[in-house]
Amino acid sequence: AQHPQEQDFMAFGFNSQFSHNTATATMDQSHSSMLPLILGGLGVAALGTRQGLRVLRQSGVKVDLPKFSGFAFPSFKRDSLQGFESPMTRVEARHILNIRQLNPTKDTIRDSHRKLLVANHPDKGGSTYLATKINEAKEVLIGKKVT
């Protein structure tokens with residue numbers, strides 16, 4: 001005893017296994033075509049929520065939101081977005097050369113300087129400005145340049 005729909009498929013020369021695979025493929029296509037709609041809906045919802053919070057704040061309603069500092073990018077800090085100081089400090093020089101020690105040895109400074117300069121040398125396509133800052137950082141830490 002065949003199901004009535006299977007009989008219809010058999011009448012048109014389809015076997016039931018083929019119809020099942022076709023139906024599954026059609027269902028997969030419909031799910032993948034819905035993905036942009038779902039993501040678009042989430043984006044619109046996020047924008048609506050943000051705008052709603054702005055309106056509430058402007059109308060004087062206090063809105064307390066949890067702090068998510070470092071949630072998505074823990075190493076990303078606002079301090080890292082600052083420009084270079086003038087004149088360069090020892091702290092900034094250590095940051096540029098990626099040295100964590102408070103009082104690094106001259107060998108540590110030279111090794112770090114060499115690695116960074118090789119990677120950023122202007123003759124190899126690096127930035128002249130960055131190479132200058134790397135050299136300045138070395139001079140500040142070794143003591144040749146007064147801060």
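**Close-up 1. Contacts of Ala93 in a predicted model****.** Not counting residues up to four places away in sequence, Ala93 touches Met88, Ala137, Val140 and Leu141. Ala93 is part of helix H3. Its relative accessibility is 0%, so Ala93 counts as buried, the cut-off for that being under 20%. Along the chain, Ala93 and Ala137 are 44 residues apart, while their C-alpha atoms are separated by 4.3 Å.

Close-up 2. With a relative accessible area of 15%, Arg94 is buried, because the limit for a buried residue is under 20%. When its neighbours within four places in sequence are left aside, Arg94 is in contact with Ile99, Arg100, Gln101, Leu102, Pro104 and Leu141. Leu141 is also among the residues touched by Ala93, and Leu141 is one of the buried residues of H5.

**Close-up 3. Packing of helix H4 against helix H5****.** Two packed helices are described by the angle between their axes and by the distance between those axes. For H4 (residues 106–120) and H5 (residues 128–142), the angle is about 175° and the axes are 10 Å apart. H4 is therefore roughly antiparallel to H5, since angles over 145 degrees are counted that way. On the H4 side, the contact is made by Lys106, Ile109, Arg110, His113, Leu116, Leu117 and Asn120. H5 contributes Leu130, Ala131, Ile134, Asn135, Lys138, Leu141 and Ile142. By type, the residues of this contact divide into 8 nonpolar, 3 polar and 3 charged.

**Close-up 4. Buried residues of helix H5****.** The residues of H5 that are buried are Ala131, Lys133, Ile134, Glu136, Ala137, Val140, Leu141 and Ile142. Helix H3 (90–96) and H4 are included in what covers them. From H4, the contact with H5 involves Ala131, Ile134, Leu141 and Ile142, among other H5 residues.

**Close-up 5. Length and ends of helix H5.** H5 has 15 residues, which at 1.5 Å a residue should span 21 Å. At the start of H5, a side-chain oxygen of Ser127 comes to within 3.2 Å of the backbone nitrogen of Tyr129. Just after H5, Gly143 has a positive phi of about 110°.

Notes:
Residues are numbered from 1 along each chain as its sequence is written. This is a predicted model: local features need pLDDT of at least 70, side-chain atom pairs count only at pLDDT 80 or more; totals for chains, interfaces and linings use all residues. Side-chain values use heavy atoms; hydrogens and water are left out. Axes are lines fitted to C-alpha atoms, for helices over the stretch in contact, and angles run from 0 to 180 degrees between N-to-C directions. Helices (H or I, at least four residues) and strands (E, at least two) are DSSP runs, numbered from the N terminus. Angles under 35 degrees count as roughly parallel, over 145 as roughly antiparallel, 65 to 115 as roughly perpendicular and the rest as oblique. Contact means heavy atoms within 4.5 Å. Ala, Val, Leu, Ile, Met, Phe, Trp, Tyr, Cys and Pro count as nonpolar, Asp, Glu, Lys and Arg as charged, and the others, Gly among them, as polar. The expected span of a helix is 1.5 Å times one less than its number of residues. Buried means under 20% relative accessible area, exposed over 50%, partly exposed in between (1.4 Å probe, protein chains only). A polar contact is a pair of N or O atoms within 3.5 Å; within protein, one must be able to donate a hydrogen and the other to accept it, and residues adjacent in sequence count only if both atoms are side-chain atoms.
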